[in-house]
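Please keep the model open while reading.

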Amino acid sequence: FLIGLGAFLLAQTCYALAFMQNMVDASAGRSIVVPLIMTGVLLAYALLFTFELMPHLDEAILLPVLVYAVAITFMGIMAAFRYGRTFPRSFAMVLVGALLFIASDTLLAVDRFIKPMAHAGWSIMLTYGTAQVLIVAGCLLHVLNPEEIRRKAALST
């Protein structure tokens with residue numbers, strides 16, 4: 001379990017760093033209000049779910065799970081802060097992907113630690129797989145957009 005958790009922690013960290021790089025490369029976003037509202041919702045969800053989950057965790061895995069919860073929440077927040085700094089379709093795909101990744105991990109935690117779910121096998125994999133496809137496709141849309149490529153080429157000549 002801890003090896004898998006570590007691998008996913010690395011993935012969440014890489015996604016968050018990529019989303020941060022996206023923000024650094026882009027000009028200022030349209031509005032800080034929308035990302036802040038999404039951040040508040042994500043933080044509230046993370047806190048509520050973490051407090052629900054904690055009593056069900058063994059002391060040996062409590063700290064790694066909490067660190068992972070912080071990482072995946074941070075990844076979601078960084079996806080939210082792409083608002084207005086990328087193409088709307090890229091933003092939406094990445095944000096929905098990040099939310100589905102959080103949903104997948106929530107389902108996994110509920111199934112493993114709180115209450116086994118009959119649908120866990122397929123629902124966890126469906127949300128996880130869809131999340132990965134949306135995040136990758138949204139990021140590719142951001143970097144491979146033909147308009148952006150033409151604009152950069154024009155600026156470099």
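## Basis and terms

Axes are lines fitted to C-alpha atoms, for helices over the stretch in contact, and angles run from 0 to 180 degrees between N-to-C directions. Helices (H or I, at least four residues) and strands (E, at least two) are DSSP runs, numbered from the N terminus.

The model is predicted: local features need pLDDT of at least 70, side-chain atom pairs count only at pLDDT 80 or more, and totals for chains, interfaces and linings use all residues. Residues are numbered from 1 along each chain as its sequence is written, and side-chain values use heavy atoms, with hydrogens and water left out.

## Overall fold

The protein has six helices and zero strands. Along the sequence, the pattern reads α-α-α-α-α-α. The C-alpha atoms fill a box of roughly 60 × 30 × 25 Å, taken along the principal axes.

Of the 157 residues, 38% count as buried. Buried means under 20% relative accessible area, exposed means over 50%, and partly exposed lies in between (1.4 Å probe, protein chains only). Contact means heavy atoms within 4.5 Å. Among contacts in the protein with a separation of 6 or more, 81% join residues 24 or more positions apart.

## α4 against α5

Helix α4 spans residues 88–114 and helix α5 spans residues 120–144. They pack at an angle of about 155°. Their axes are 7 Å apart. α4 and α5 are therefore roughly antiparallel to each other.

The crossing of α4 and α5 is left-handed. That term applies if the near helix is turned anticlockwise from the far one by less than a right angle; clockwise gives right-handed. By class, the contact of α4 with α5 has 17 nonpolar, nine polar and two charged residues. Here Ala, Val, Leu, Ile, Met, Phe, Trp, Tyr, Cys and Pro count as nonpolar, Asp, Glu, Lys and Arg as charged, and the others, Gly among them, as polar.

## α1 and its partners

How are α1 and α3 oriented, parallel or antiparallel? Their angle is about 25°, with the axes 8 Å apart, so they are roughly parallel to each other. The crossing of α1 and α3 is left-handed. The α1 side of the contact includes L2, F8, Y15, F19 and M23. The α3 side includes I61, V65, Y68, I72 and M75. By class, the contact of α1 with α3 has 20 nonpolar residues, one polar and no charged.

The axes of α1 and α4 come within 13 Å and cross at roughly 160°. These two helices are therefore roughly antiparallel to each other. The crossing of α1 and α4 is also left-handed. F8, Q12, Y15 and F19 in α1 meet V94, F101 and D105 in α4. The contact of α1 with α4 divides into five nonpolar residues, one polar and one charged.

## Nonpolar core

A nonpolar core is a set of buried Ala, Val, Leu, Ile, Met, Phe, Trp, Tyr and Cys residues joined through side-chain atoms within 4.5 Å. The largest one has 36 residues. Within it, F19, L53, M75 and F101 touch the most other members. The elements giving two or more residues to this core are α1 (2–25), α2, α3 (59–80), α4 and α5. The largest share, 10 residues, comes from α4.

What does L53 touch? Not counting residues up to four places away in sequence, L53 touches V65, A109, F113 and I114.

T39 is found in helix α2 (residues 33–53). With a relative accessible area of 11%, T39 is buried. T39 touches I77 and F81, not counting residues up to four places away in sequence.

T73 is found in helix α3. T73 also counts as buried, at 11% relative accessibility. Leaving aside neighbours within four places in sequence, T73 is in contact with L42, L43 and A46.

Is A118 buried or exposed? A118 is exposed, with a relative accessible area of 88%. A118 lies in the loop between α4 and α5. A118 and F1 are 117 residues apart in sequence and 20 Å apart in space, C-alpha to C-alpha.

Conventions:
Parallel < 35°, antiparallel > 145°, perpendicular 65-115°, else oblique.
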